[in-house]
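Have it open in the viewer while you read.

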Number of protein chains: 2
Amino acid sequence: MGWERRWWGWGDAEDPEMSEAARRRLGELFGDLEAWPRPVAFEAVSLPEARPLPAAITNSPLSSLLRFDQEARVRHAAGKSFPDLARMREGHFENAPDAVFEATSDEAVEELLRLCQQHSVAVVPFGGGTSVVGGVEALRGEHGAVISLDLVGMDGVEVDSQSLTARLGPGLSGPRAEAALAAAGFTLGHFPQSFEHATIGGFAATRSAGQASTGYGRFDELVTSLKMVTPSGRLSTLHTPHTAAGPSLRQLMLGSEGCFGVITSVEARIKPSPAARRYEAWFAESFEAGSELLRRLAQEGVAPDVIRLSDEEETAISLALAGDGGRLQTLLERYLKLRGVAGGCMIIAGWEGDSESVSRRYQLGSRALRRAGAVRLGRRGGEAWLKGRFAGPYLRDLLMDRGLMVETLETSHTWSGLAQLYGAVGEALDAAMRPYGGSPVVMCHISHVYADGASLYFTFACPADRDDPIAQWRKVKGAASEALVAAGGTITHHHAVGRDHLPWMEDEIGSLGIETLRAVKERLDPAGIMNPGKLVLAQPAPTTAGG
Amino acid sequence: MGWERRWWGWGDAEDPEMSEAARRRLGELFGDLEAWPRPVAFEAVSLPEARPLPAAITNSPLSSLLRFDQEARVRHAAGKSFPDLARMREGHFENAPDAVFEATSDEAVEELLRLCQQHSVAVVPFGGGTSVVGGVEALRGEHGAVISLDLVGMDGVEVDSQSLTARLGPGLSGPRAEAALAAAGFTLGHFPQSFEHATIGGFAATRSAGQASTGYGRFDELVTSLKMVTPSGRLSTLHTPHTAAGPSLRQLMLGSEGCFGVITSVEARIKPSPAARRYEAWFAESFEAGSELLRRLAQEGVAPDVIRLSDEEETAISLALAGDGGRLQTLLERYLKLRGVAGGCMIIAGWEGDSESVSRRYQLGSRALRRAGAVRLGRRGGEAWLKGRFAGPYLRDLLMDRGLMVETLETSHTWSGLAQLYGAVGEALDAAMRPYGGSPVVMCHISHVYADGASLYFTFACPADRDDPIAQWRKVKGAASEALVAAGGTITHHHAVGRDHLPWMEDEIGSLGIETLRAVKERLDPAGIMNPGKLVLAQPAPTTAGG
């Protein structure tokens, strides 16, 4: 594994640029905050001493796949949530793994799990390490040590061009999977914001949704079969397009977040590489009008492959940050004036496919957009979005440099419940951040649309409480989560549960739902070694009368 | 519950007609067989004596919902598989329930399960009783008695027209659900062959697929949330369009076939009632060419809402049985002659929706069909299919009258595995039926298409072995199932598992998969009272070292 990625933040080592307009806007919102220094040089980081692994593991043939060095341990110590980043900036690495195992095959994984189960060592599956919910933190639970199981070496690609499916290794990053598929003329079409670093196994284990998932399908819809190695043996599903043979084991492995076992192979639907792409910006009068418009597109079956609607706040800030000297904004204002409207909400609409399909579906979609009252701003806005589609997490590092707490959360609801959910979460975030000074930012966009509802993606920021940024984050996140579950939204539309959403799982699936998942965990992972402290907690089964 | 339905066969009491052509054709294939008499008059059927229910149940307030009469017990004694029908014709009712409970509410179901768990009484959820895999037979397992839990009284309908979803009671039959939705301007679009009698709860519990599911989506795709009452309490999922909060409990309840609990409410996607419908018959040169053609339609995203392809045998027999004096066949022969082709395979293609959408999608689909070499036969063939779409099971009763064993089975595979699966199953069926004389019929159609594969639906018939028709059936079904799993197909695409597919579940999901489902069952139904002997067998958990 190279050393190219920023170990304390997102992505590559080189800083992206922040526009002058963005700096100005931040000054207006928050005044001058104390800068938040980046961490000490990597070599100077001090880690807790590694607990020794049992000799049965270090003396086994697997030992050649184990790493104990500082680089490996730091790299696998955390994901990329705000608490992760804050801890790393402050130099806290209390949850670094004791070792990293670089998996090469199902057999190696199976043997490792066998030994770890036998000797009480926790195992944390690790792909791109991009979890924003604490999903890959190396917690050891009740066990004597913890190994981070790195899957990047499991990177096979096998294409079935007749069935339009591909068997993919769990360790393939988004770009590596796309490159291999592109060589055969195909694409997965899965582009979450974490695309550059996240992996196939992670997409499956967390039910990832990508920016184009409205068109291509969420990752859990793309997956046709899975293989998983668990401490109790192997689990796999048939590779057929559908089965009615009982409850879906595929859907039980999808979203299991490493708590049942390790996903070692993913079979997924692919599509021909798109010959044509058309991305545009449009405007709706308001978030309410825009939501209604997206609902109609989804329900009439004419939604583009990418369709996003920013609320007023996100639209204003995006335009201010666009860094094109305000040209987009000027263009917009001119348009809106013509229509006698102020403000407005940006829509990004993207079509991909063969050129006949793009042109046909563009015609349908753009006609529906126009008929529903949207104003076309043109391709420049769409192309700008496309260019910056993976930039968000880089920007977060820059905002943290300037002393801000900045985080995102996402949820979903039916169309009939969406407006109330939007209002409730926005208000809760605003109220929770007010005490920290400045003008807190709460912005939101609809990121995915369905016939029956949509997802809401919130970004929020305020001055960081440098005395205890994690307690601050917990307070704000907690307030939003409470508002969200009270409004009937899901605690997560595509970020998964990990450690951070655990407190709301009972609101999500009830206590019997939790018991049901625990029953599965106890059968597949009786010693509770798989990813302790996340999603499904291992607990002693309640004693029954007959037990 | 009325008494209008044939208790020993399918559907209404009145016999459908069999055309002269059909009679002739049967004579050619099988000669004169000994007629298989229909059973004695209902009043004369003798049932095994009912085991008494525990006093705690009969003395409870629930007792007013219990029925012990002969009509209720006979009606709930079996489903509609060939073995069920054969047993009933022979007057065997050894598995009639001891009582029938007519459920009215979640609370009543909850209380019943509580008492049954406490007093070791098995419970078999029962909707339309149309299972063709032994799914509703009232087996009592290890328990003292068995109650059939009839859900027909739970028939609420609540429409959310903004989100295009409806909350539906599990006891609604297809026509009752459609009538209630049609009154509000909507449709579920779910039309399995069992539509007239099967229920919403059954559709969900068995992962039903309907004839229009290629367009509207299978039932498991329509369901957005579920409520289930289990012996351990209530389980339900949030009503949001998607969640990434862990493994899918919705997908664990879907397909659970009454073995975990009772589905008491289903929230499902609906669509506006179609203003336009266009059904046509087309022809492909061969089954192979037709399959290839359907693959292209599915992969290009231009498949009609209904798309079916009959193989040569099914095409020939359908035309012979069409009962229109051979006009369809003449028309076809004229067409094929023009193209210099003999034989051919019938395609049924149907489009539904608003008239703009039907005309647009018809244009795309028919162009693709033509481009791929299909010949349009016109609307008459399509309308004829539409008219007779629910006739199959009625016909089966008539064929049994004439002394035939007749049954169906279905499977699915990826496009790359489909031809081999088709060949293997067809050969196995033919070889297994040969010993019974006549010319066994094995016919097949593709019933549903996906981008990655398709389903195969086989119908087969040969003279019944009147000495032991069930042993005969088991032999033929077993041979086909073995061939099917060896070719990598699923044991069922949409008929579910019940009792009949149980022997192949290990081929389907492996021993650890079975253990996983059993772990869920043990948590939700620790006393094993729910639908014993089907899908997931309750067994004592293996003793662990620490236990």
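The points below go from the pair of chains to their interface, then to salt bridges and the cores.

1. First, keep in mind that this is a predicted model. Chain A can be laid on chain B with an RMSD of 0.1 Å, using a turn of 180° and a shift of 0.0 Å along the axis. That is how a two-fold axis relates two copies. Both copies use the same surface, too: 99% of the contact residues of chain A recur in chain B.

2. On to the interface itself. Here 81 residues of chain A are in contact with 80 residues of chain B. The two chains bury about 5900 Å² between them, with 61% of it on carbon and sulfur atoms.

3. Between chain A and chain B you'll find six salt bridges, and 34 residue pairs are in polar contact across the interface. Helix α19 (residues 505-524) of chain A gives the most to its side, with 14 residues. As for a pair to look up, B:R269 and A:D452 meet through their side chains in a salt bridge (3.5 Å, N to O).

4. Over all chains, the structure holds 62 salt bridges. One of them joins B:D98 to B:R51, with the closest N and O atoms 3.1 Å apart. B:D98 sits in the loop between α4 and β2 and B:R51 in the loop between α1 and α2, so the pair ties together parts 47 residues apart in sequence. How exposed are the two ends? B:D98 counts as buried, at 2% relative accessibility, while B:R51 counts as partly exposed, at 30%.

5. Another pair worth a look is B:R89 with B:D401, whose closest N and O atoms are 2.8 Å apart.

6. Lastly, the cores. The largest nonpolar core has 238 residues, and A:L429, A:I446, B:L429 and B:I446 touch the most other members. Beyond its neighbours within four places in sequence, B:I446 is in contact with several residues, including B:F287, B:W415 and B:L456. A second, separate core of 25 residues includes B:L53, B:I147, B:I529 and B:M530.

Technical notes: Residues are numbered from 1 along each chain as its sequence is written. Chains are lettered from A and ligands numbered from 1 in the order in which they are written. This is a predicted model: local features need pLDDT of at least 70, side-chain atom pairs count only at pLDDT 80 or more; totals for chains, interfaces and linings use all residues. Side-chain values use heavy atoms; hydrogens and water are left out. A nonpolar core is a set of buried Ala, Val, Leu, Ile, Met, Phe, Trp, Tyr and Cys residues joined through side-chain atoms within 4.5 Å. Buried means under 20% relative accessible area, exposed over 50%, partly exposed in between (1.4 Å probe, protein chains only). Contact means heavy atoms within 4.5 Å. Copies are superposed by least squares on the C-alpha atoms of residues with pLDDT of at least 70 in both. Buried area is the accessible area (1.4 Å probe) that two parts lose on being put together, summed over both. A salt bridge is a side-chain nitrogen of Lys or Arg within 4 Å of a carboxyl oxygen of Asp or Glu. A polar contact is a pair of N or O atoms within 3.5 Å; within protein, one must be able to donate a hydrogen and the other to accept it, and residues adjacent in sequence count only if both atoms are side-chain atoms. Helices (H or I, at least four residues) and strands (E, at least two) are DSSP runs, numbered from the N terminus.
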